Amino acid sequence: MIFIVCGVAGSGKTTIGSHLADKLNLPFYDADDFHPENNIEKMKLGRPLTDADRVVWLRQLSIRVVKWENDGGAVLACSALKEFYRQILIPIETDKVKWIVLHGTKELIADRIKKRKGHFFDITLLDSQFEIFENPSYGWHYNIEYQADEIAEAIVKRYKGKN
């Protein structure tokens, strides 16, 4: 099983995803770690990525997702902001992927971004993330007002049929 934790920057994808991976004894991957250097430089400069910037990155991730599923599963933190991006990432209909969609207010997320250290994401890009985010009608949706570990535990319980 592949769990893809998605949402805008600062919504807790990495934190919740790593907690989830620990609880399910699965490897954790952050899609940000696979961005080409030119994408990272662009974001550091406060310039939003275009669809063209994201396509190659998402296609490379898609190949990795197939490998990770064949290796026994994984948790991936990936913004996957548009349906178009999600279709590139997972181009076929499959029951081997669980989408975890994180939601929160812009104020809460901006506050979290301001407090984090060592990440390349420039807070001035947050508005662009909210502008292009297409909330999927599918997947499991969670409010990020709760603690990351509580959200991860709720996901595990739901997955194991205990909720």
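A salt bridge is a side-chain nitrogen of Lys or Arg within 4 Å of a carboxyl oxygen of Asp or Glu, and this structure holds eight of them. Keep in mind that this is a predicted model, where local features need pLDDT of at least 70, side-chain atom pairs count only at pLDDT 80 or more, and totals for chains, interfaces and linings use all residues. Residues are numbered from 1 along each chain as its sequence is written, and side-chain values use heavy atoms, leaving out hydrogens and water.

**Salt bridges**

- Let's start with Lys 23, whose side chain meets that of Asp 149 in a salt bridge (3.2 Å, N to O). This pair links distant parts of the chain, with Lys 23 in helix α1 and Asp 149 in helix α7, 126 residues apart.
- Lys 23 also meets Glu 153 in a salt bridge, again listed at 3.2 Å, N to O. Here the partners are 130 residues apart, Lys 23 in helix α1 and Glu 153 in helix α7.
- Put together, Lys 23, Asp 149 and Glu 153 are linked in a network of salt bridges.
- Arg 86 forms a salt bridge with Glu 83, with the closest N and O atoms 3.1 Å apart. Both lie in helix α4 (residues 83–89), three residues apart, which is about one turn of the helix.
- Is Arg 86 buried or exposed? Arg 86 is buried, at 2% relative accessible area, where buried means under 20%, exposed over 50% and partly exposed in between (1.4 Å probe, protein chains only).

**Helix α7**

- Helices (H or I, at least four residues) and strands (E, at least two) are DSSP runs, numbered from the N terminus.
- Helix α7 has 12 residues (148–159) and should span 16 Å at 1.5 Å a residue; its end C-alpha atoms are 17 Å apart, which agrees. The expected span is 1.5 Å times one less than the number of residues.
- Which residues of α7 are buried? They are Ala 148, Ile 151, Ala 152, Ile 155 and Val 156. These residues cover an arc of only 140° around the axis, which puts them on the same side of α7; the arc is that of the directions from the helix axis to the C-beta atoms.
- The buried residues of α7 pack against α1 (13–24), β4 (97–103) and β5 (140–143).
- Just after α7, Gly 161 takes a positive phi of about 75°.

**Aromatic pairs**

- There are five aromatic pairs in the structure. Rings of Phe, Tyr and Trp (its six-membered ring) pair if their centres lie within 6.5 Å; planes under 30 degrees apart count as stacked, over 60 as edge-to-face and the rest as tilted.
- The rings of Tyr 29 and Trp 68 have centres 3.9 Å apart and planes at 5°, so this pair is stacked. Tyr 29 sits in strand β2 (residues 28–30) and Trp 68 in helix α3, 39 residues apart.
- Trp 68 counts as buried at 6% relative accessibility. Trp 99 and Tyr 138 form another aromatic pair, an edge-to-face one, 6.3 Å centre to centre with 70° between the planes.

**Nonpolar core**

- The largest nonpolar core has 45 residues, and those with the most contacts inside it are Leu 20, Cys 78 and Leu 89. Helix α3 (residues 51–70) gives the largest share of this core, six residues.
- Such a core is a set of buried Ala, Val, Leu, Ile, Met, Phe, Trp, Tyr and Cys residues joined through side-chain atoms within 4.5 Å.
- Leaving aside neighbours within four places in sequence, Leu 89 is in contact (heavy atoms within 4.5 Å) with residues including Ile 4, Leu 58, Cys 78 and Trp 99.
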